[in-house]
Amino acid sequence: MRLLVVLPLYDDWECLPRLADELVVNVGSLVTSLELLIIDDASSKAPPSGLMERLSNRIGPVTRLRLARNMGHQRAIAVGIASVSTREDIDAVLVMDADGEDDPQQLPKLLDRFFSEGSRKVVFARRGRRWEGTSFRLFYWLYRGLHRIATGRSISVGNHCVIPRAELHRLALTAELWTHFSAGLIRSKVDWTTVDLPRGKRYFGESKMGFQGLVMHGLSAISVYSDLMGIRALILTAILSVLLTAGIIAVIAIKFFTELAIPGWASMLTGLFVVILIQMVMSSLLFAFLVLGRRSGMSLTPLREHAQFILRAERFAGKSD
């Protein structure tokens, strides 16, 4: 198998030599050729002099795409996928972080599962053991719960996956890939499966993504399912509308058709119910029409738009060429 590795990267240049060594050790015997595509997300630091040449001599062809602006992890991956979507000299694309958290020592398990599926399905790494602190795990658990409530679907995978070449063009035409890679890939309805892999530790330094970035990342994943959220909101509004209407009718019926005493606050409560009911219906309809309006418009797909974000491309031939 001819494998191309997509590495979104921001300033983690010191991680690349160790990653390249571990890729060669753990994957080199499983593939016929290995190639790196580094998506330089407008890093604030230039790579060390001669680094790309050393990498290419160690691992094979290396391409560095320097983005014109910092686009974030998810969009950097989308640019990488779109840039290789029409290539026919590769068999699969491996998406992973360059910092060691996607442990190269676990790649044989990932590729074994890929081969066992006939090299036709996307295989995600599903995280088991994690190294983050208690606060991160707590907020991650809350995020997964919110995602389940909002979309009706659970989430257990990240960006780390291997993709067969046959699915690259479909993904490059998936607009949701701009927003969130894994959620967009799943929404594209490609066949996918998972394999349990523990998360590795960073080679050097600390993650560049802070708490605000994590919150934005989580909301981006949920927003990919905005149409499902709209449907669920309409269903919830319909149920609550029936309950509120029944409550209003009950109060009116008691007041005019029975001898039972009605508290003085009943009329005020009935008016409040009416206001809440109107606001719920209007908000749900507005959200539904916004979603439908977006779906009827022309989507900006990575395949159409990615080239304008690439400032320059540098290729280092390496030992394979």
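Visitor: Where is Ala46 found in this predicted model?
Guide: Ala46 lies in the loop between strand E2 (33-40) and helix H2 (51-59).

Visitor: Why does Ala46 count as exposed?
Guide: The relative accessibility of Ala46 is 63%. Exposed means over 50%, and therefore Ala46 counts as exposed.

Visitor: How far apart are Ala46 and Trp13 in sequence and in space?
Guide: In sequence they are 33 residues apart, and from C-alpha to C-alpha the distance is 8.3 Å.

Visitor: Which residues make the nonpolar surface patch of about 560 Å²?
Guide: The patch is made by Ile231, Ile235, Leu236, Ile239, Leu240 and Leu243. Leu243 has its place in helix H9 (residues 226-257).

Visitor: What makes Leu243 count as exposed?
Guide: Its relative accessibility is 55%. The cut-off for exposed is over 50%, so Leu243 counts as exposed.

Visitor: Which residues of helix H4 (residues 107-116) are buried?
Guide: Leu107, Leu110, Leu111 and Phe114 are buried, a term that means under 20% relative accessible area.

Visitor: Which residues have the most contacts inside the largest nonpolar core?
Guide: They are Leu3, Leu7, Leu16, Leu23, Ile38, Met52 and Val162, in a core of 36 residues. Two or more residues each are given to this core by strand E1 (2-9), H1, E2, H2, E4, H4, E5 and E7. H1 supplies the largest share, five residues.

Visitor: What does Leu16 touch?
Guide: Not counting residues up to four places away in sequence, Leu16 touches Leu7, Leu9, Ile38, Leu51, Met52, Leu55 and Ala98. There is also a second, separate core of 32 residues, which includes Ile39, Met71, Phe181 and Val224.

Visitor: How many helices and strands has the protein, and what share of its residues counts as buried?
Guide: The protein has 11 helices and eight strands. Of its 321 residues, 45% count as buried. Among contacts between residues at least 6 apart in sequence, 85% join residues at least 24 apart. The protein exposes about 16700 Å², of which carbon and sulfur atoms supply 60%.

How values were computed: Residues numbered from 1 in each chain as written. Predicted model: local features only at pLDDT ≥ 70, side-chain atom pairs only at ≥ 80, totals over all residues. Heavy atoms only, no water. Buried < 20%, exposed > 50% of the residue type's maximum accessible area, 1.4 Å probe, protein only. Helix = DSSP H or I, 4+ residues; strand = E, 2+ residues; numbered from the N terminus. Patch = residues over 30% accessible without salt bridge, like charges linked within 9 Å, V, L, I, M, F, W, Y side chains within 5 Å. Areas by Shrake-Rupley, 256 points an atom, 1.4 Å probe, with all protein chains shown as cover. Salt bridge = Lys/Arg side-chain N within 4 Å of Asp/Glu carboxyl O. Contact = heavy atoms within 4.5 Å. Core = buried A, V, L, I, M, F, W, Y, C linked by side-chain atoms within 4.5 Å.
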